[in-house]
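Welcome, and please open the model in your viewer.

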Amino acid sequence: MDIPEPTINERIWQVVAAIPEGTVTTYGVVAQKAGLAGYARHVGAALRGLPANTRIPWHRVVNAGGRISLPEG
């Protein structure tokens, strides 16, 4: 029985889920660890797709300036 490959979003979520409490990392580092070097914006899109009640610590991912990137408004 073949185990299906995780989707790109699932790979990103797995990386983010492994960020230890008390630490942060950047969108670019998450992309690189998910095998998607150069696709930091895709990390943002994947995190925006998380359900509101997620346990994945999306707040531990910051932009290159060290801030959480939230949509304006």
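Angles under 35 degrees count as roughly parallel, over 145 as roughly antiparallel, 65 to 115 as roughly perpendicular and the rest as oblique. Axes are lines fitted to C-alpha atoms, for helices over the stretch in contact, with angles running from 0 to 180 degrees between N-to-C directions. Before you select anything, note that this is a predicted model, in which local features need pLDDT of at least 70, side-chain atom pairs count only at pLDDT 80 or more, and totals for chains, interfaces and linings use all residues. Residues are numbered from 1 along each chain as its sequence is written, and side-chain values use heavy atoms, with hydrogens and water left out.

**Stop one: two helices**

Select helix H1 (residues 8–17) and helix H3 (residues 40–48): their axes come within 9 Å and cross at roughly 85 degrees. H1 and H3 are therefore roughly perpendicular to each other. Helices (H or I, at least four residues) and strands (E, at least two) are DSSP runs, numbered from the N terminus.

Now show side chains. From H1, Ile 8, Asn 9, Ile 12, Trp 13 and Val 16 meet His 42, Val 43, Ala 46 and Leu 47 of H3, where contact means heavy atoms within 4.5 Å. Sorted by class, this contact of H1 with H3 has 7 nonpolar, 2 polar and no charged residues (Ala, Val, Leu, Ile, Met, Phe, Trp, Tyr, Cys and Pro count as nonpolar, Asp, Glu, Lys and Arg as charged, and the others, Gly among them, as polar).

**Stop two: Trp 58**

Next, pick Trp 58, in the loop between H3 and strand S2 (61–62). Is Trp 58 buried or partly exposed? Trp 58 is partly exposed, with a relative accessible area of 36%; buried means under 20%, exposed over 50%, partly exposed in between (1.4 Å probe, protein chains only). Leaving aside residues up to four places away in sequence, Trp 58 touches Val 16, Leu 47, Leu 50, Ile 68 and Leu 70.

His 59 counts as partly exposed, at 40% relative accessibility. Its C-alpha atom is separated by 9.2 Å from that of Ser 69, 10 residues apart along the chain.

**Stop three: Thr 25**

Finally, go to Thr 25 in strand S1 (residues 25–26). Thr 25 is buried, with a relative accessible area of 16%. Not counting residues up to four places away in sequence, Thr 25 touches Ile 19, Val 30, Arg 60, Val 61 and Val 62.
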